[in-house]
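Here is a short briefing to read alongside the coordinates. Keep the viewer open and follow the topics in any order you like.

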Amino acid sequence: DTALYYGRDGIDKIKSGKNYDFILIEDEMREISGYMTLQELKEIKDFDIPCIIMLNKEKENIKEHFIEDGFSDYLITNNIENDIEKIINKY
């Protein structure tokens, strides 16, 4: 299933039982950060969907911090056309 949700809408879909192969999370959303989104998702009982953080080029040098914080992987938005296929095949 493929869908596009933002912040709390996405969290609500997961809480309602929707399941996805993976979740792409934009680092800088208006209402809630990517990190906070991941933290709320991890509070959901039995949550185990891989979460991939989408970072702009300026944050590429700190990408490993996001992995350490619990994201499964990352994409650099400037290179998304090349990286998205790798993510789809991986998850």
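The points below cover the sheet, the helices and the charged side-chain pairs.

Please bear in mind that this is a predicted model.

- Four bridges link strand 2 and strand 3 in the parallel sense.
- For a closer look at strand 3, find Tyr 74, the bridge partner of Ile 53, and Ile 76, the bridge partner of Leu 55.
- Between strand 2 and strand 3 the chain passes through helix 3, making a β-α-β crossover that is right-handed.

**The helices**

- Which residues of helix 2 are buried? They are Gly 34, Thr 37, Leu 38, Glu 40 and Leu 41.
- Viewed down the axis of helix 2, these buried residues fall within an arc of 165 degrees, so they line one face of the helix.
- The packing partners of the buried residues of helix 2 are helix 1, strand 1 and strand 2.

- Arg 8 and Glu 40 join their side chains in a salt bridge, with an N to O distance of 2.5 Å.
- Arg 8 belongs to helix 1 (residues 8-15) and Glu 40 to helix 2 (residues 34-42), so this pair ties together parts that are 32 residues apart in sequence.
- Are the two partners buried or exposed? Arg 8 counts as partly exposed, at 38% relative accessibility, whereas Glu 40 is buried because its relative accessible area is 19%, which is under the 20% cut-off.

**A salt bridge between two loops**

- Glu 28 and Lys 59 form a salt bridge whose closest N and O atoms are 2.9 Å apart.
- Why does this pair tie together parts that are 31 residues apart in sequence? Glu 28 sits in the loop between strand 1 (23-26) and helix 2, while Lys 59 sits in the loop between strand 2 (51-55) and helix 3 (63-68).
- Lys 59 has a relative accessibility of 22% and counts as partly exposed.

- Lys 45 pairs with Asp 46 in a salt bridge, and the closest N and O atoms are 3.6 Å apart.
- Lys 45 is exposed at a relative accessible area of 71%, and Asp 46 is exposed at 65%.

Terms used
Residues numbered from 1 in each chain as written. Predicted model: local features only at pLDDT ≥ 70, side-chain atom pairs only at ≥ 80, totals over all residues. Heavy atoms only, no water. Salt bridge = Lys/Arg side-chain N within 4 Å of Asp/Glu carboxyl O. Buried < 20%, exposed > 50% of the residue type's maximum accessible area, 1.4 Å probe, protein only. Arc of directions from axis to C-beta. Contact = heavy atoms within 4.5 Å. Pairing = 2+ DSSP bridges. Right-handed = clockwise from strand over helix to strand, strands pointing away.
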